[in-house]
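Me: Could you take me through the structure below, step by step, by way of questions and answers?

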2 protein chains.
Amino acid sequence: MPAARMPRPAAAPKPTPEAIVEEVDTAFLESLLGYNARRAALAAISVFLEGMAPFALKPVELSVLSVIAHNPGVTSRQLCNALGILPPNLVGLLNTLEKREVVVRKPHPRDGRAMGLHLTPAGQKLARDAEKKVTELEASVAARLTPAELRTLIALLKKVYLPA
Amino acid sequence: MPAARMPRPAAAPKPTPEAIVEEVDTAFLESLLGYNARRAALAAISVFLEGMAPFALKPVELSVLSVIAHNPGVTSRQLCNALGILPPNLVGLLNTLEKREVVVRKPHPRDGRAMGLHLTPAGQKLARDAEKKVTELEASVAARLTPAELRTLIALLKKVYLPA
DNA sequence: TATTGTTATACTCTATAACTATA
DNA sequence: TATAGTTATAGAGTATAACAATA
């Protein structure tokens with residue numbers, strides 16, 4: 001004989017579906033290349049900001065300084081293309097660096113619209129010292145990697161973002 | 001008989017130290033882990049934004065959705081710690097997702113101060129579909145890497161940012 | 001007293017449109 | 001007409017201080 005049909009008893013006094021998370025599982029995100037690359041980049045930036053404080057250089061400012069150092073006469077447009085900066089946002093960076101008297105804008109020898117970017121002697125020294133320091137900081141970011149692993153890591157990252 | 005001392009002729013018509021850069025050398029920056037990680041992360045985000053447009057989910061929103069999906073009842077504080085988001089900035093994210101009716105805040109069963117975060121059925125479907133899509137997009141980001149290289153890359157990135 | 005979630009707010013970063021001078 | 005540099009401005013992302021409710 002079939003059991004009589006009866007209303008289900010009211011749920012036991014669980015004010016919510018008892019759900020308490022002890023440890024947060026982020027396994028899915030950690031399987032994603034983009035997520036891991038971003039977390040690693042943020043870790044590196046954190047080390048950079050701390051270690052570069054004496055130079056008062058933000059990451060993008062060191063990038064600008066370094067590219068000018070290795071490419072004297074480079075134009076703003078070339079800098080923007082190389083670093084992925086938009087032209088309006090480079091203007092303020094260059095103004096800051098020019099006020100610090102480490103960068104100078106000179107008229108371009110062949111194109112009257114463009115400016116050739118150069119470092120002052122002080123800028124050359126700053127670029128040298130800052131590049132040396134950031135190279136040291138890299139070692140602490142990559143502290144848990146062997147030299148071979150670091151080389152592999154950088155090579156694989158380049159395969160991700162550099163055009164084939 | 002010594003040539004008479006005469007003023008040096010005005011410099012030849014070189015208005016500036018002839019400096020024309022053909023190709024920009026970024027070798028120094030490309031030797032830095034942080035620079036490469038950031039460029040790779042930006043490349044991945046670009047692919048994400050394009051491919052995830054139909055879902056109208058920003059990267060951080062998918063992260064939030066995914067963590068809640070895999071950790072029902074997780075608190076805001078736990079989410080912030082897991083994803084590196086500051087609590088004031090999570091509030092707006094959760095408000096947006098709650099207005100979309102994919103996330104619900106429920107009172108925490110044991111801690112009256114906290115909120116347990118849960119997905120609605122629609123949120124569960126969105127999380128499933130979005131995770132599937134982002135997994136596909138990963139393949140295009142890592143198109144130039146072999147499966148083994150991708151595994152190596154992710155493992156090495158974790159060694160950079162995860163505590164030993 | 002310490003912690004969770006929240007509000008308000010400020011600062012930085014990034015993006016778009018439009019102007020000028022020159023090519 | 002197209003491009004280089006610039007201006008102004010808007011939007012997104014990220015940061016700190018302070019408060020109410022609860023532990």
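This is a predicted model: local features need pLDDT of at least 70, side-chain atom pairs count only at pLDDT 80 or more; totals for chains, interfaces and linings use all residues.

Me: Which strands of the open sheet in chain B stand at the edges?

Reply: The open sheet has three strands in the order β1-β3-β2 (chain B), with antiparallel pairing. Each edge strand has a single partner strand, so one side of each is left without a neighbour in the sheet, and this holds for β1 (74-75) and β2 (103-107) of chain B.

Me: Which residue in β3(B) does Val74(B) stand opposite?

Reply: β1(B) and strand β3 (residues 115-119) of chain B pair in the antiparallel sense over two bridges. Within this pairing, the residue of β3(B) that stands opposite Val74(B) is Leu117(B).

Me: What angle does the direction of helix α3 of chain B make with that of β3(B)?

Reply: Helix α3 (residues 59-70) of chain B packs on the sheet, where it touches β1, β2 and β3 of chain B. Its direction and that of β3(B) make an angle of about 95 degrees.

Me: Which element supplies the largest share of the side of chain A that touches chain B?

Reply: The contact takes 61 residues from chain A and 61 residues from chain B. On the side of chain A that touches chain B, 35 residues are nonpolar, 13 polar and 13 charged. The largest share of that side, 13 residues, comes from α2(A).

Key. Residues are numbered from 1 along each chain as its sequence is written. Chains are lettered from A and ligands numbered from 1 in the order in which they are written. Two strands pair if DSSP finds at least two bridges between them. Helices (H or I, at least four residues) and strands (E, at least two) are DSSP runs, numbered from the N terminus. Two residues are in contact if their C-beta atoms, placed from the backbone, lie within 7 Å. Axes are lines fitted to C-alpha atoms, for helices over the stretch in contact, and angles run from 0 to 180 degrees between N-to-C directions. Ala, Val, Leu, Ile, Met, Phe, Trp, Tyr, Cys and Pro count as nonpolar, Asp, Glu, Lys and Arg as charged, and the others, Gly among them, as polar.
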